[in-house]
Amino acid sequence: MSKTVADLDLDDEHMTIGIDDTMAEASRRLLTISSGILVVLDEDSKTKGVIGHRQFLKAFAENVDSNTAKCSEWMEMDFLEVELSTSLKMVLADIQKREPQAVVAVQSDGEFAGYFSPTDYQQANSLVSSLKGLKL
């Protein structure tokens, strides 16, 4: 009874944005969610990067024009992709080993499926611990 990434709610704490969208559009979208990140996708719905508060601070510290600067110029590319069918135990081990800036879930064809948020990490940790206690 191994739990997988698909068992988590990956639809919260993020929004998506296109790689060629502007930082102004990114800021408008990020303001509509209380916490989380923007997942930057290409035209094939493949993850290319993520944008969080830190990327905005860096961009604006350098006085970028948010109406012309593209998300592709400021996105963080240190993310880990995990398939929905991956066991939570394996994902937790990969996160601890690699320590990526973000974790995104993908379908078997690599298409974006959801954001593995810090809340999801805590839930996964709890599930794996409880299954271990039950010897499952």
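Good morning. I begin in the loop between α2 and α3, where Asn-63 is placed. What we are looking at is a predicted model, and every value I quote is computed from it.

Asn-63 has a phi near 55°, a positive value in a residue other than glycine. With a relative accessibility of 68%, Asn-63 counts as exposed. Glu-13 also has a positive phi without being glycine, in this case near 60°. Glu-13 sits in the segment before β1. Is Glu-13 buried or exposed? Its relative accessibility is 19%, and the cut-off for buried is under 20%, so Glu-13 counts as buried.

The chain holds five helices and six strands, and read from the N terminus the order is β-α-β-β-α-α-β-α-β-β-α. The C-alpha trace spans about 55 × 30 × 25 Å along its principal axes. Of the 136 residues, 42% are buried. If we take contacts between residues at least 6 apart in sequence, 58% of them join residues at least 24 apart.

As for the surface, the chain exposes about 7700 Å², with carbon and sulfur atoms supplying 48% of that area. There are 13 positive and 23 negative side chains, and the centres of these two sets are 7 Å apart.

How many aromatic pairs does a search of the whole structure find? The search returns one. The partners are Phe-56 and Phe-60, which are stacked, with 5.9 Å from centre to centre and 20° between the planes. Both belong to helix α2, residues 53-61, and because they are four residues apart there, about one helical turn separates them. In general, an α-helix has 3.6 residues a turn, so residues three or four places apart point the same way. As to burial, Phe-56 is at 8% relative accessibility and so counts as buried, whereas Phe-60, at 35%, counts as partly exposed.

Thank you; I welcome your questions.

Terms used. Residues numbered from 1 in each chain as written. Predicted model: local features only at pLDDT ≥ 70, side-chain atom pairs only at ≥ 80, totals over all residues. Heavy atoms only, no water. Phe/Tyr/Trp six-rings, centres within 6.5 Å; stacked < 30°, edge-to-face > 60°. Helix = DSSP H or I, 4+ residues; strand = E, 2+ residues; numbered from the N terminus. Buried < 20%, exposed > 50% of the residue type's maximum accessible area, 1.4 Å probe, protein only. Contact = heavy atoms within 4.5 Å. Areas by Shrake-Rupley, 256 points an atom, 1.4 Å probe, with all protein chains shown as cover. Lys, Arg positive; Asp, Glu negative; His and termini not counted. Charge placed at Lys NZ, Arg CZ, Asp CG, Glu CD.
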